[in-house]
Each structure stands twice: as structure tokens, then as C-alpha cells.
Amino acid sequence: MKKAIVNGVEISQEAVNFELDRLVRFYATHGMSMDEVKANLPKLEERALDQAIGAKLLLDRAAELDMPVTKADVDNEIAKVVMQVGGEENFKKALAAQGVTEEAFRKELEKGARVNKLVEQACSEVPQPTEEEIASFYEAHKAEYVTPPQVLCQHILVKAEEDALPEIKSAAFEKIRAIRERIVSGGDFSEEAKKNSDCPSGAEGGSLGWFSPGMMVPEFDAAAFGMKKGEVSDIVTTQFGYHIIYKADERVAAEQTLVDVHDQICDLLRHESRGRAMDAFVSELREKANIEYR
């Protein structure tokens, strides 16, 4: 990936990765699958670099304007981080692991809070999406708002790595075969999972909960979605070893209504409108900046 130097300061890879992570998380929560993320990764990386450049320009501009930030503003940001990491103790451990003092961390958050105020100022005239705009977007993208099919399964795993010795694989296969025989002869799947499964889910009777296509390895996925409700699978071989699956329930794909996705669409449209406002604002800053690529 190319490097960018803004007003003599190189944009760090950490800054680019931070923006890339934000982009991936945003689009993932708005319907983009991980396969689509991977397919669009070069474009996302390019956009992440542009956003990192924009963030640098905004930081510099906010510092020039000396946007007011109170102790309460920083305290609020600290509280958000503490909640995200699971409490005060985890927060302190995270700082220690990174070799960062709380004072230094507060200074960085202060910079971020200052930029946030600048962003709010730049976007102050961006209107909320109207109900007509939300409904129109939904109608144009209705095919994208579908809840995927799901299955509720339990499984039992007997480990046998792909490069394991033949005799180890043979013993593992015989073990899973015997387990399956006991189950189809009337044995309790959950009890067999608790006693014999090499997967951590064994402690819960092999329960994997509800999952959608693509969440498991391909061989397991194909078997689980190809079975009928209430069936016990044949032996399924994956990179982890040998499995048997019990399909407890299933849900078919279903179209989501406008009510279901109203807030999600509103958030997306508002994000895009604010993005356009910020693009215009950052473009003005870019025109005055010295940006080089290497």
C-alpha cells in the first residue's frame, strides 16, 4: 500500500488500520458480508488511507482553532472506553499492556474530542433523512433486506488433524462411528456430546446455537443446511476431524419489513449525508495542504 505524507508528516500504518477497522465494522453492521468485505478490500484500504489523511487534516485544523474541550468531555470518552473493554480493571490492564499512562491516553482522547466538535460544527446543517427518503431507499434495496436461513444444531467432534498419522485418523473415525451408532439406536445426543466431544461445545451438549450459511467451514455448512429437521447426519469430515450433527430446528429466509430496518436505513442515510458534508469540508483542507504519496 502506498504511503502518504501530509504537511511533512507521514501517515502511520496504525492510523490507516484504525480507519480500515472502522470501515469494515460499519459496513458489516449494514449488511455487507465478510466475503464482500474481502472482495472490496483494496477499495476499502484506499478509502482508509484517504480517511486517515482527512483525520490528520482535521486534527491539525482543530488544534489551530483550539476547539474547546472540557474535562467532562474527556471523562465521557473515558467512560465509553471503560464500558467497551469490560470495566475499570480491564481498562487499566489494557493501558499497562500498551505501556500508556492514563494521562497520555486522556490527552489523545482530548484530541479526538476536539476533532469531534469540529466535525459536529461542519455537519451542523446536515438534515435528518425524511421518511420519504427512508421508504424510497428501502423500496430500491428491498432485495438486500432479507434475513438469511438459519439452523439450530448440536454436534459432536472427534479431533483428527488433516496431517495426523493414518492410525490416529482410523481410531478417531471408529470412535465417531460408534458414537453415531449409539445415538441412532436411541442414545441421547447431548449426553454423548458431554462425554465424548472434543469441541468446547460438548459441555453444553454440543449446542452451536442458531447460525446462518457461511458461519461454519464449508463441509459442516453443507451438511447442516442439507439435512432435515430432527435428523442425525452421517459422519462429516472437516479440517478439525470427524463430526456428527443433530439438526434441532430451522428458519427459512424471510424478507425484512420497512419497520424492521427503518432505523438501520436512517442511520445509513444520515451517515452518507454527513460523509458528503465532511468530504466537502476536508476537500477544502486538502487544497491548502501539502500531500505527497510514495
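**View 1. A charge over a ring at W210.** The charged end of R251 sits over the ring of W210, 3.7 Å from its centre, where such a placement requires NZ of Lys or CZ of Arg within 6 Å of the ring centre and within 35 degrees of the ring normal. K2 likewise lies over the face of Y293, at 4.6 Å from the ring centre. The model is predicted, so local features need pLDDT of at least 70 and side-chain atom pairs count only at pLDDT 80 or more, while totals for chains, interfaces and linings use all residues. Residues are numbered from 1 along each chain as its sequence is written, and side-chain values use heavy atoms, with hydrogens and water left out.

**View 2. The aromatic pair of F173 and Y242.** The ring centres of F173 and Y242 are 5.4 Å apart and their planes stand at 85°, so the pair is edge-to-face; rings of Phe, Tyr and Trp (its six-membered ring) pair if their centres lie within 6.5 Å, and planes under 30 degrees apart count as stacked, over 60 as edge-to-face and the rest as tilted. This pair links distant parts of the chain, with F173 in helix α8 and Y242 in strand β7, 69 residues apart, helices (H or I, at least four residues) and strands (E, at least two) being DSSP runs numbered from the N terminus. F173 is partly exposed at 31% relative accessibility, whereas Y242 is buried at 11%, where buried means under 20% relative accessible area, exposed over 50% and partly exposed in between (1.4 Å probe, protein chains only).

**View 3. The aromatic pair of F189 and Y246.** F189 and Y246 form a tilted pair, 6.0 Å centre to centre with 40° between the planes. F189 is buried at 8% relative accessibility, while Y246 is partly exposed at 26%.
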